[in-house]
Amino acid sequence: MIPCRPLAVAVFCLALTAATSLTQCTGEAGPAAGAAAALQPAGDPIRLLVSGSLLGRLEPCGCASGQLGGLARRMQHIGERRSYDLLLEGGNLVDGDTELDVLKFYTCVQVLTGMQHPYDVLGVGPKDLSLPLDEWSAFLAGAQVVAADLASEREDWPARPWLEKDVRGQIVRVTSLTLSLPPALQGEAAPVRLLPPLAAWQRAMDGAAATTLRILLLHGDEATARALVPTLRPAPDLVVGVDQDHVEPTPRSERLGDSLLVFAGIRGRVLLEVSLTRTAEGPRAACELVPLAGSKTLPGGGGDPDVKAVLLAHREQVKQEKVLERMARRLPAPNGAAYVGTETCRACHPQAYDAWSQSRHAKAWETLEIAEADPKRYGWPVTHYPDCVGCHVVGHREATGFVSFADTPQLAGVGCERCHGPGSDHLLNPAGNRLGLLGGVAASVLCVQCHDFEQSPDFVYAEKWQAIRHGREPHQQPPK
Amino acid sequence: MRATPWIAALLPFVACGETPPRPPAARPLAPPPSLAHDFGVIPHGSSRQHDFLLDLAALEGEWVALHVHLDCSCGRAQLLLRAADGQERPVDGRPSADNRPRPGEQLVARIVIDTAEREAVDLPATTSRGQVVLQSLADASGRHRQHLPLLLHFGVDAPVVLQPFAALDLDRVPTCRTGEAWTTLRGDEGHPQVRFVAVETSDPALDAVLEPADGHTLLRVRCRPTTVGNHRALVGVRTDLPDDYTVRLPVTWKVVPELEALPMAKLSFRADLGREQTQAEAHAQFLVLTDHDATRTAEFVLRQLVDDAGEDARAAFAVDFAPVPGQPRQCRLHVRYLGGHPDGFRGRMVIARPDTETPQLAIDLVAFPSRKP
């Protein structure tokens, strides 16, 4: 349970009684679904806004200019349009199971279900289920959650097999298939069971009229989607793939058997607008990408002010509850040794140290502090937010790694050990415990842990290496 | 499959799906020059186009291009097949042989950088990325797609300088007030004599005026609140620059009711509902109420507290209002459970001002029983 805190407790399980026009799957059966898709009279297409795999990106991190996405821009876009018939979020709202992920999940649900434009359907992703089940269930109580292939005996289980909405006389039924469970929920005694996908789909379509538009939010990779979707009967009209290999949504739907397949993209950077209808030739969809770009000059890039307030409260809560410190030192150090700090490396590696000290890596912590002090850039405690800190220090979350600037100032900044690993063993026996790159991976792979497509969009390793170039010291040169 | 040299060079960038990981190159190569293009510095308001000619014949097997992703929000991409006579047909995104170039056709990735919708601010030379998504015709699963990286170099030059904002956000505008924001316009060093000759808005709820000032022009925008919710409009400021260059500023605002509960009109908490809560237990169960009407003092009373069935439930809760220091228009609404609903409570409160029935503010109230350990 999240400890008591102002406002957070006050809006606990916020979506519980939200008014909705969605009906629950409680036996309001229509005529049995026919084997073949029934035709619909020509009518307005149903306008959907689709997203998935937010992966905890409540806001763009701000490392690079022009970053897309964020819940504040998303909800502002929805508020401005006012014309979507269905707002669908596929699931995987967070990317882990830490204290930070719990708070992020809570904040996401607060924004997506409890504000002016509540989402019509939330799917469930395996990553969501990695969170403590009590918290996950409590936050979603009363929200419009679907998961046809998940079953539980828990009284507070929030997911239903399907949800329906009447859109101008057209019934639309939406369901979700999670397809896998996190390790903690696997096994006979687990409180959640995973049903076979075909049976789950049948369960979700039970009692649906032949004229009902059928939408499936589908987790798993693309190959799974391609294998599974053609076997589903009755065929879904639209399948939304929530696959993390698809960084952006697909700009066109693809026909797969009698269904249309689109992918939702990740991190909520670009949303997918779909106009869906069923014709004599089967379902048809027109897709449009909605990149959530921000302003270059407005503080925070713009966005819905109420959502921004909720996000700010989240940031402040993370600071107040010392989540950064609580998350520290939970994981083993990469090579079993202890971090010693860059200054220690200097004695034997003066040339590398000089190169490093002139690089921006050496000032990485200072960069955060400057950004935090600039109200036009942030206005919130960046130096206490784990997602930000993780790329500006050495070894946060790892044994002997960074805890906070007050506790471990020697590990602030991107020092030697960020790439080469903890150095205590090397210090004791340099020849016997040589340090390479962490995990033995190529430098380019290591760099993109932080310099990814979103945080460093112009990152090209071959160019950026020149800015931090360093090599062996004279005493390290191999003998001629 | 034997990869051709250039696709092999690209693999470190493009691994996707369940393709087995390949050993990364010691130093990945930059994308081939043919897949990078410098659009130069684009005058704001105009667009530039470049056609990348893609030769997939160099790849072993039969590949089709499905679509193009661009990182840049002002970029548009289209895949086309161009015949020798210049006729073009679009690629429809299916992994189908129909989307292979026919004899004499060339595959073209047409990239347009359109700055018209961008804020009118200079953008120093920058690099944006894109990807052409390819799929082998032999791969019905789509599991082995390849992504050809594109590098787009460009900058943007706006002839005017907008300070401090190139977009305006009126933030939250209560229904009982008008919203206002301003920014300044002047020509940049290349256009010091530019004049701003007229202004118009795309929303009748929005008024915009230009006021001459020392060395610049002040643009003042006011909005009259209409429907509660988010709004967006464009303000266009015409200049005397060639081609009738018009500065377009997006304006956003959110109309909110005059009585508000923050962060939202809902208060939920979990407690032992078998007994009365202590003051300490209930200290965090509050919302912040705001009365935006500055013509009156911010005072609130509870008009109604009912359960979902409409039955009066005032006896089950103590509801108090406390001022917020330094915020004369706000107060805190505290709720403490007194008893009578051991299995949980769902209902709502109606808050109003003491002297009038309207406006009213409805707040959902939910109490969950504590879980048994």
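Helix H1 of chain A passes helix H6 of chain A in a right-handed crossing, a term used when the near helix is turned clockwise from the far one by less than a right angle, left-handed being the anticlockwise case. Helices here are DSSP runs of H or I with at least four residues, and strands are runs of E with at least two, both numbered from the N terminus.

Before I continue, please note that this is a predicted model, in which local features need pLDDT of at least 70 and side-chain atom pairs count only at pLDDT 80 or more, while totals for chains, interfaces and linings use all residues. Residues are numbered from 1 along each chain as its sequence is written, chains are lettered from A and ligands numbered from 1 in the order in which they are written, and side-chain values use heavy atoms, leaving out hydrogens and water.

Let us return to the first pair. H1(A) covers residues 71-81 and H6(A) residues 305-320; their axes lie 8 Å apart, at an angle of about 160°. Axes are lines fitted to C-alpha atoms, for helices over the stretch in contact, and angles run from 0 to 180 degrees between N-to-C directions. H1(A) and H6(A) are therefore roughly antiparallel, the word for angles over 145 degrees, whereas those under 35 count as roughly parallel. Contact (heavy atoms within 4.5 Å) is made by A:Leu71, A:Ala72 and A:Met75 of H1(A) with A:Val307, A:Lys308 and A:Leu311 of H6(A).

How do H1(A) and H2(A), residues 99-114, cross, and at what angle? Their axes come within 11 Å and cross at roughly 5°, so the two helices are roughly parallel. On H1(A) the contact uses A:Leu71, A:Arg74 and A:Met75, and on H2(A) it uses A:Cys108, A:Val111 and A:Leu112.

We now turn to helix H4 of chain A, residues 197-205. Its buried residues are A:Ala200, A:Trp201, A:Ala204 and A:Met205, where buried means under 20% relative accessible area with a 1.4 Å probe, protein chains only. These residues lie on the same side of H4(A), because they cover an arc of only 130° around the axis, taken from the directions from the helix axis to the C-beta atoms. Their cover includes strands S8 (170-177) and S10 (213-219) of chain A. After H4(A) comes A:Gly207, with a positive phi near 80°.

Finally, chain B. This chain has one helix and 24 strands. Of its 373 residues, 49% are buried.

Note on methods
Buried < 20%, exposed > 50% of the residue type's maximum accessible area, 1.4 Å probe, protein only. Parallel < 35°, antiparallel > 145°, perpendicular 65-115°, else oblique.
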